[in-house]
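Here is a short report on the structure shown below. Keep the sequence and the 3D view open while reading.

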Amino acid sequence: MQSDMFKMRLFSLLVLLILFSGMSLYGKDDAKVILAKVDAYRGYNQPFQMNVEVVDYDKNGKVGHKLSFLAYIKDRQSSFLKYIYPPIDKGKVLLMVDDNVWFYHKKISKPLRLSQRQRLLGNVSNADVARANFSFDYSPKIQGRKNIKKQNALVLELNAKHKKVAYSKIILYLSPDTYKPIQGEFYAFSGKLLKTSTYTQFHKVGNSLKIKQMEIVDAVLKGTKTTINYSEYKLKSLPDHYFNPDFLPRIRQL
Amino acid sequence: MRQFALAIIVSFFGICQQVIAEGSFYVDQHEIKVLSRYNDFQNSVFNPENILSLEKKYVTTRYHSSIWWQPEDYFFVHLKPRLKFHVNETGNKCEAEFDEAYAALTPINKLFIDVGKKNIRWGTAYAWNLVNIFDPYNQFIKEENNFQDVVYAQYYINDTFSLSHSTFLNHSDYAFKLHGAFHQIDYDFLYLNQNKESKIGFDVSTTLGDSLEFHAEVLGQKGTSAYFPTNPTQNIYAWEKTNNNQTIFTSFVLGTQYTTIDNTNIVLEYFHNGTGLSNSQYDLALEGINESLSGDKYKADSPWRGFLLNSSSFYQFSQFRKNYLFLRVSKNNLFEKISMEWNNYYSIDDQGLLLLPALKYKVSDYFYIKNRFFLPIGNSLSEFKRFYEKYVILELECFF
């Protein structure tokens, strides 16, 4: 009899465990779906190109540096940037495949491997421009609701899956019904807040809504601000060999 | 003369095209550079009484543009004309030529063939590229690059592997390269046939963590000679032959690159052995050395004279010692609108130093002012002190 009772309790415990694990699994999937929808505002699930303009402002709000380039994004890991402004930078190409970065400049005339730390995009990290997708590098978790920018926002916490990314943690504040990003906080591996981004403008591209402008406020260099403008999203065929570093000198002709 | 006229016509067309038309023709960059240079000959042992008649002061204005004509997806022509106006104390002259002028064809998917004058570089190092058959000498000293007339074919197998082949139109040299990658390591295997002698090369580059990069180039060649001073303090004119046809002559470059948190970039390279000389080059060099040493002054008709004076007249780095270090420190936005680049060459064997500091001031996105110095330091017998003049350059650059 006691043995039957024990078996019943064990069975109930197992049922509860399965139920709880199912719930937790459901919750995680839900966060993943939400993150995929956030990613859709930043790009496509297929190769595309877009114009990117980066403008740095100093503490007095004066324009410091201005850069623009064509970004060609194949997938989460492979992208390259063709510099178009300022004129001195025309002909430069930055190729990123996984954690590898190569650079080509017509005066050097050969592809050179760079370390990830080398910043060639002003105050913006390569990831801000070339990684159009959070899902690949981060695990999402829903953290409830919070009022932000006078909106009741859904809070999504993203934790880095590996140490090869620029940020250890990202907190995204999203519109609860459409999952449109409102604001993001980006943290270093030391736990320090590096920057805050605000997604200020969206525009319709085909049938979908894409980010048009985001503002980045540097938490370290206080008072400085960077805006990134995205435009002319286009689907583009990008064959594998475009991402061979040896192809860099030929990218200029694309 | 024909090239002169054609370069002028194409340049003019490029300027007009920028303004009036679009389509299969396009111009993607114009560059105007005004360069004023002052040479200091006072301490030159190498050029006594300025017998080379080098210019003490001159101003050069250069205009470059980059013109593309692409009538079909699989075919385009690229022209890069250069107009140059040169003014010195005795007069002025005008030059016009093409830095690049080639046709490019893609007959089948992934195969690219370029024919004409083209700027190509191979290798992973910054200061010297031993494996670069096109021009191994460093880019930081020379005012202008060398371009080659080639048939250059490249086949891209996928995003990792590619095959390249180059045949030179003016002579019998040719080269092959296999490019590949393994995890975070890029590598090239090379076969070069230069002056009818075979060379085997290998280069590699990789990164460690998020701030360190490593690179190396190795070149092995048989039937090649090298000439080096017999001891570190010896006059650079007294060489001995260190290799013969039976041994494999090996040279290499080892380098690393580190980026600090504030985005200062540091490159350090160690260079061992020169690119070597073929037997015929060696014989010519030896003859020249003897001739130079036997006379009070250089003889005008000496075949060696041009080689000896090459460094001074064309600023081309030559390797007369066995071991060199190269250090480069660069930083954009050192101060607001000012960027810095400092290249340094150190000859370990004779303690000669060559300092090349440069500062660039950004007036606007279109205008830049650059100040460069060229400062050889060392004893009077050291390579750098003998072969280079001190000079300072002021440049105004305009891009549009």
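## The S8–S9 hairpin of chain B

B:His183 takes a positive phi near 50°. This residue belongs to the hairpin of S8(B) and S9(B), where two residues lie between the strands. The model is predicted, so local features are described where pLDDT is at least 70.

S8(B) and S9(B) run antiparallel, and nine bridges join them. S9(B) covers residues 185-194. One facing pair is B:Phe182 and B:Ile185, the latter in S9(B).

## S7 joins S8

S8(B) also pairs with S7(B). S7(B) spans residues 162-168, and S8(B) spans residues 174-182. These strands are antiparallel as well, with six bridges between them. A hairpin of five residues connects S7(B) to S8(B). Within this pairing, B:Leu163 sits opposite B:Leu178 of S8(B).

In a regular strand, side chains alternate between the two faces of the sheet.

## Two buried strand residues

B:Arg82 is part of strand S3 of chain B, residues 75-88. Is B:Arg82 buried or exposed? B:Arg82 has a relative accessible area of 7%, so it counts as buried, the cut-off being under 20%. The side chain of B:Arg82 has a polar partner: it contacts the side chain of B:Asp99 at 2.9 Å.

In chain A, A:Ile73 lies in strand S2, residues 63-73. A:Ile73 is buried too, because its relative accessible area is 3%, again under 20%. The C-alpha atoms of A:Ile73 and A:Val124 are separated by 17 Å. Along the chain, A:Ile73 and A:Val124 are 51 residues apart.

## The interface of chains A and B

How many residues does each chain bring to the contact? Chain B brings 61 residues, and chain A brings 34 residues. Together the chains bury about 4,100 Å². Carbon and sulfur atoms account for 42% of that area.

The rule finds four salt bridges between chain B and chain A. A:Arg113 and B:Asp186 form a salt bridge through their side chains, with N to O at 3.0 Å. On the side of chain B that touches chain A, strand S1 of chain B (residues 25-40) gives the most, with four residues. The residues on that side of chain B divide into 28 polar, 19 nonpolar and 14 charged.

Key. Residues numbered from 1 in each chain as written. Chains lettered and ligands numbered in written order. Predicted model: local features only at pLDDT ≥ 70, side-chain atom pairs only at ≥ 80, totals over all residues. Heavy atoms only, no water. Pairing = 2+ DSSP bridges. Buried < 20%, exposed > 50% of the residue type's maximum accessible area, 1.4 Å probe, protein only. Polar contact = N/O pair within 3.5 Å; in protein donor to acceptor, adjacent residues only side chain to side chain. Contact = heavy atoms within 4.5 Å. Buried area = accessible area lost by both parts, 1.4 Å probe. Nonpolar A, V, L, I, M, F, W, Y, C, P; charged D, E, K, R; others polar.
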